[in-house]
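Reader: Could you walk me through this structure, starting with the ligand site and then moving on to the sheets? I'd like the cut-offs spelled out as we go.

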Amino acid sequence: MPLVPATDPAAWRARLDAAGARIDGHVRRTELRAAQSLGAELGLELWLKLENRQITGSFKLRGATNAIALLEPAQRARGVVTASSGNHGKALAHAAMAAGTRAFVFVSSLVPANKLAALREMGAETRVAGASQDEAEERARAFSQAEDRVFISPFDDPAVIAGQGTIGDEMLDDLPDMDTVLVPLSGGGLAGGIAAAVKSRLPSCRIVGVSMARGPAMAMSITAGHPVEVAEEPTLADALSGGIGLDNRYTFAMVRDLLDDIVLLSEVEIAEGIRVAARLGETVEGGGGVGLAALVARRARGRGKTVIVLSGGNIDPSLHRRIVAGGSG
Ligand SMILES: *Cc1c(COP(=O)(O)O)cnc(C)c1O
């Protein structure tokens with residue numbers, strides 16, 4: 001396929017359709033669950049897209065599965081490389097195993113032993129390299145070049161973006177007249193993919209991205225007009241922290257051109273999102289629940305039929321218990 005013009009939703013349609021067919025049977029088609037009483041309280045019709053119940057606990061399995069499936073067989077056989085101790089690392093490890101190949105997952109020396117062990121358990125070949133996430137990524141890219149194994153970005157890759165976008169198509173198939181979608185936003189693969197999918201079929205639907213106020217790299221880049229470096233700060237929404245890449249090729253322009261609004265939340269608001277989700281019977285991590293948090297804090301305006309993407313559920317159980325019991329972390 002030709003290079004995709006970054007921000008034309010129609011130009012993504014063929015890739016999205018192909019991604020949907022390609023990952024079918026390899027990822028869960030998650031439920032779109034009605035949240036009637038909370039919706040009534042908020043004055044709208046509300047649904048939750050349950051990617052917190054996706055295999056590996058987050059939507060990232062979609063992009064990883066699509067990206068690995070798109071490789072030439074010889075490349076696929078050599079294995080794939082990334083740098084992530086979080087949901088992308090897990091997803092890539094799982095997708096590589098399922099495709100009968102290997103995932104080399106680089107993590108920095110800051111990553112706790114239990115996370116490293118979890119990645120190994122999922123079949124990843126872990127490499128501890130560098131004193132920061134950025135250094136680990138540099139080392140991963142160098143390894144990828146030297147060993148001729150494909151590096152798979154967590155967000156800035158058309159195959160990954162199209163994989164995440166399949167969420168938008170599933171939501172539209174289930175609810176063809178959505179008015180608003182609230183989606184967690186970090187590097188923008190999720191929000192960009194969903195926006196391309198939804199706007200190519202329903203241009204009137206509003207897409208709102210939600211990040212944490214602590215180190216929101218995409219929001220600050222949009223304000224600056226170009227990708228900027230943002231200092232990482234500790235946050236409950238750890239899956240949303242990190243940069244968008246100063247050489248960002250796709251997601252910055254997609255988020256800039258396709259999202260209708262971006263909302264930034266405090267730590268207290270993010271904690272409340274985790275609690276409200278728990279009351280609804282859904283376990284979410286901080287970053288996974290920011291769409292819900294934005295709505296209940298009335299920081300984002302829902303309208304008509306509103307869908308919240310619950311993007312992930314990988315939260316330390318003891319932290320989850322503390323937050324549900326009323327703490328903020
Ligand atoms: C990665 C991630 C996000 C953000 O996705 P981007 O494509 O980087 O914007 C949101 N929620 C969870 C749970 C994630 O793991």
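**Ligand site and sheets**

Author: An N or O atom in the side chain of Lys60 lies 2.7 Å from an oxygen atom of the ligand, a polar contact in the sense of a pair of N or O atoms within 3.5 Å, where within protein one must be able to donate a hydrogen and the other to accept it, and residues adjacent in sequence count only if both atoms are side-chain atoms. Taken alone, the ligand exposes 380 Å², and the protein buries 98% of that, with accessible areas coming from the Shrake-Rupley method with a 1.4 Å probe and, for residues, only the protein chains shown counting as cover.

Reader: Before we go on, what kind of model is this, and which pLDDT limits apply?

Author: This is a predicted model, in which local features need pLDDT of at least 70 and side-chain atom pairs count only at pLDDT 80 or more, while totals for chains, interfaces and linings use all residues. Residues are numbered from 1 along each chain as its sequence is written, and side-chain values use heavy atoms, with hydrogens and water left out.

Reader: OK, back to the ligand. Which residues come nearest?

Author: There are 16 residues around the ligand, and Lys60, Asn87, Ser186, Gly188 and Ser311 come nearest; a residue is near when one of its heavy atoms lies within 4 Å of the molecule.

Reader: How does the shell split by class?

Author: It has 7 nonpolar, 7 polar and 2 charged residues, where Ala, Val, Leu, Ile, Met, Phe, Trp, Tyr, Cys and Pro count as nonpolar, Asp, Glu, Lys and Arg as charged, and the others, Gly among them, as polar.

Reader: How does β2 pair with β1 and with β10?

Author: With β1, strand β2 pairs in the antiparallel sense over 3 bridges, and Leu32 has Lys49 of β2 as its bridge partner. With β10 (residues 305-310), strand β2 pairs in the parallel sense over 6 bridges, and Leu46 stands opposite Thr306. Of the 6 residues of β2, 5 are buried, meaning under 20% relative accessible area, with exposed over 50% and partly exposed in between (1.4 Å probe, protein chains only).

Reader: Further along, how do β7 and β8 pair?

Author: Strands β7 (residues 180-184) and β8 (residues 206-212) are parallel, joined over 5 bridges. Val181, which is in β7, stands opposite Ile207 in β8, and Val181 counts as buried at 0% relative accessibility.

Reader: What about the sheet of 4 strands, which strands stand at its edges?

Author: Its order is β5-β4-β3-β6, an open sheet with parallel pairing. At the edges stand β5 (125-128) and β6, each with a single partner strand, so one side of each is left without a neighbour in the sheet. Strand β3 (residues 80-83) pairs with β6 over 2 bridges, and the partner of Val81 in β6 is Phe151.

Reader: Why is β4 described as largely enclosed?

Author: Because 5 of the 5 residues of β4 (residues 103-107) are buried, the strand is largely enclosed by the rest of the structure. On one side are Ala103, Val105 and Val107, on the other Phe104 and Phe106, all buried. In a regular strand the side chains alternate between the two faces of the sheet. Strand β4 runs parallel to β3, joined by 4 bridges, with Ala83 opposite Phe106.

Reader: One last thing: where is Thr56 found, and what is its phi?

Author: Thr56 is in the loop between β2 (45-50) and α3 (60-69), and has a positive phi of about 70° although it is not a glycine. At 14% relative accessibility, Thr56 counts as buried.

Terms used: Pairing = 2+ DSSP bridges.
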